[in-house]
Amino acid sequence: MKKTVIVLMLVLCGASVLCAQSVLPGYRGYWERSRQINIIDLIEFYPDHLPFLRNEIYARYGRPFVNQTYRDYFRAKSWYQEKSNFSESWLTQNDKVNAEFISSIERSVKNDEEVTAQVLRNIEYTGGRAVMTFTSRNELRWSDSQVDFGPYGLSGDYMQSLNWFVMGDWVLVFGYFGYRGSYDVVAYKLDHAARRITDSVSRSDVDWEMLGRLLKAQGRAPD
């Protein structure tokens with residue numbers, strides 16, 4: 001049993017070292033710090049730059065691009081160099097998860113208005129004890145829940161009005177805290193058929209200019 005564990009560890013370590021060695025030595029970009037991203041991390045890239053962010057996962061290993069747009073884009077980067085022997089086996093597990101996640105958001109971008117109309121038709125979604133009521137295009141109200149509303153520092157059996165917007169299949173709720181110049185954002189994955197909250201992530205340091213650009217691109221402006 002111990003030998004099996006040791007062999008598995010050696011294989012995993014070897015794969016990790018191989019992946020690290022395969023990254024272009026001069027690479028400087030978003031994926032320098034390998035981690036698994038979430039929907040809030042994509043705010044600054046949404047929607048037009050998502051394909052470039054996804055393809056950078058491959059470009060940092062020297063993947064040659066057939067698509068002229070991506071070829072020109074990455075050839076302009078000082079760190080990029082094509083590798084004729086590029087192999088997707090060089091990608092880490094995080095790379096693969098991130099590429100698929102971004103791809104799923106890309107596929108759902110065209111549904112933004114449809115999802116917005118859907119949540120307004122459904123009006124109410126629940127998760128644990130949570131009740132989220134979408135009252136208008138710019139406002140929702142929520143009550144006490146087990147879902148993480150912690151970034152707002154609010155609790156109790158009362159309703160609180162908040163702003164929201166759609167990113168692919170997710171609804172992002174935000175509140176502005178002027179004293180620190182940033183937004184608190186909580187993102188929710190919604191099951192429209194069941195009117196349920198199925199997943200949530202939060203972040204309390206979203207740059208207001210970055211979020212503001214996205215809202216303005218959608219014809220809206222943060223309060």
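## Helices and the model

Helices here are DSSP runs of H or I with at least four residues, numbered from the N terminus. Keep in mind as you read that this is a predicted model. With that settled, let's look at one helix, its partner, and two individual residues.

## Helix α2, an enclosed element

The buried set runs through L50, P51, F52, L53, R54, N55, E56, I57, Y58 and A59.

## How α2 packs on α4

The axes of α2 and α4 come within 10 Å of each other, crossing at roughly 160°. Because angles over 145 degrees count as roughly antiparallel, α2 is roughly antiparallel to α4. The crossing of this pair is left-handed.

On the α2 side, the contact involves L50, P51, L53, R54, I57 and Y58; on the α4 side, D95, N98, A99, I102, S103, I105 and E106 take part. Sorted by class, this contact has eight nonpolar, two polar and three charged residues.

I39 sits in the loop that links α1 (2–22) to α2.

Leaving out residues up to four places away in sequence, I39 touches F101, I105, M167, W170, L172, A187 and V201. One of these, I105, is also among the α4 residues that meet α2. Another, M167, is 128 residues from I39 in sequence, yet the two C-alpha atoms are 8.0 Å apart in space.

## N122, at the end of α5

Our last stop is N122, which belongs to helix α5 (residues 112–122). Its relative accessibility is 8%, so N122 counts as buried.

Which residues does N122 touch, not counting those up to four places away in sequence? They are H192 and R195. With R195 there is also a polar contact: the side chains of N122 and R195 are joined at 3.4 Å.

Conventions
Residues numbered from 1 in each chain as written. Predicted model: local features only at pLDDT ≥ 70, side-chain atom pairs only at ≥ 80, totals over all residues. Heavy atoms only, no water. Buried < 20%, exposed > 50% of the residue type's maximum accessible area, 1.4 Å probe, protein only. Polar contact = N/O pair within 3.5 Å; in protein donor to acceptor, adjacent residues only side chain to side chain. Contact = heavy atoms within 4.5 Å. Axes fitted to C-alpha atoms, helices over the stretch in contact; angles between N-to-C directions. Parallel < 35°, antiparallel > 145°, perpendicular 65-115°, else oblique. Left-handed = near helix turned anticlockwise from the far one by under 90°. Nonpolar A, V, L, I, M, F, W, Y, C, P; charged D, E, K, R; others polar.
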